[in-house]
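Please keep the structure open beside the text while you read.

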Amino acid sequence: MKRVLAIVFIMLCFVVSAKQTDSLSLNKREKNLSTLNSQPSTPKSRYPVIGMWKQNYMVTGFATNKPVSKYTSDIKFQLSVAMRLWSIKGKVDFFATYTQRSLWDIYQESCPFRENSYNPGFWVAWQTRDNLRLLFGIEHESNGLNGEQSRSFNYATVACLYEPFDNWRFGGRAWYGYYDRDNISHYFRYRGVMQLWATFHTRNERVAVTALVNPTVTFAKYNVQVEASWRMAKRGDWLPCLFVQYNYGYGETMLDYNKRHSKIRVGISLMNNKLHLY
């Protein structure tokens, strides 16, 4: 009988001890959770891990300074993506970008591509304030051709994005670097070294109009681009937009960088966020 009582007593002690241990562990977990909840959460980056960088679009149109024909009409499309590599407290982001722009003479016989432009880069973005962002990048741009038609440009870029008002965004970028002087003569005279743009958009981001000015290095001539987009559906997650783009000036292609052009094109674009450059 004494052995039975001793065994029962020992079992009761184990049960009480286990309950106390569970209670202590639960209290510890609750304290840890309360401590975690009381700590401020780390701010998230405004850049997605993988997303769009510049405008993504496909448009077709014709020259406005020449007779309309299959030789003055084409298709232009641009694909641009960014991949965030690292983020520091949601304030500083490191990411890689790639943009490809093509001009396609689809209305001519055999539908040749006039030029493809390849533009990889590495960037650092610094969110200094809620409405101000600075970017620093190193980029390469080339048309992938050999011989006399080869065009290549390696340069560093400094950019700024500023949104002082609900309906307005402003941006600018300046670049400088080394280009292939054997095949490109006086490149900066036509392409310039900076861009300035302003975007007006509705509060729901359904309609946006952008005007971009790119002065040449001598400020004697100006390259101008005006574009407008309209999201076809009211849903905020709907991406396709009707897109109109007008270009005037020099430097639309690397191959014909010193030839003046004036073209209007209409097509479809994918709605971009407000973090992209031109």
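At 26% relative accessibility, glutamate 205 counts as partly exposed, a class that lies between buried (under 20% relative accessible area) and exposed (over 50%), with a 1.4 Å probe and protein chains only. Glutamate 205 belongs to the loop between β9 (194-201) and β10, and its phi is near 65°, a positive value in a residue other than glycine. Residues are numbered from 1 along each chain as its sequence is written, and side-chain values use heavy atoms, with hydrogens and water left out. This is a predicted model, in which local features need pLDDT of at least 70 and side-chain atom pairs count only at pLDDT 80 or more, while totals for chains, interfaces and linings use all residues.

**Another positive phi**
- Lysine 89 also has a positive phi, near 55°, in a residue other than glycine.
- The loop between β3 and β4 (92-104) holds lysine 89, which is exposed at a relative accessible area of 62%.

**The chain as a whole**
- Two helices and 13 strands are found in the protein chain; these are DSSP runs numbered from the N terminus, with helices being H or I of at least four residues and strands E of at least two.
- Of the 278 residues in the protein chain, 38% are buried.
- Among contacts (heavy atoms within 4.5 Å) with a separation of 6 or more, 53% join residues 24 or more positions apart.

**Cavities**
- On a 1 Å grid over the protein atoms alone, a cavity is a set of points where a 1.4 Å probe fits but cannot get out, a pocket is an open set with protein on both sides within 12 Å along at least five of seven lines, and lining residues have an atom within 4 Å of a point.
- Grid points are joined across faces, edges and corners, and a volume is the space filled by probe spheres set on the points.
- The whole structure has four cavities of 30 Å³ or more.
- The largest cavity has a volume of about 580 Å³, and of its 32 lining residues, Arg101, Gln195, Gln225, Gly251 and Tyr278 are the closest to its centre.
- β11 gives the most to the lining of the largest cavity, with four residues; elements that each supply at least two include β3 (73-88), β6 (132-142) and α2 (187-191).

**The second largest pocket**
- The second largest pocket holds about 300 Å³ of space.
- Its lining has 14 residues, and Lys66, Arg114, Asp256, His261 and Lys263 lie nearest its centre.
- Strand β13 (residues 261-270) provides the largest share of this lining, three residues.

**Aromatic rings**
- Rings of Phe, Tyr and Trp (its six-membered ring) pair if their centres lie within 6.5 Å, with planes under 30 degrees apart counted as stacked, over 60 as edge-to-face and the rest as tilted.
- The count by this rule is 21 aromatic pairs.
- Tryptophan 168 and phenylalanine 170 form a stacked pair, 6.0 Å centre to centre with 5° between the planes.
- Tryptophan 168 is partly exposed at 35% relative accessibility, and phenylalanine 170 is partly exposed at 32%.
- Ring pairs also link a cluster whose members include Phe153, Tyr155, Tyr179 and Tyr257.

**Charges over rings**
- A charge sits over a ring if NZ of Lys or CZ of Arg is within 6 Å of the ring centre and within 35 degrees of the ring normal.
- Arginine 181 places its charged end over the ring of tyrosine 179, 4.3 Å from the ring centre.
- The charged end of arginine 191 lies over the ring of tryptophan 175, 5.2 Å from its centre.
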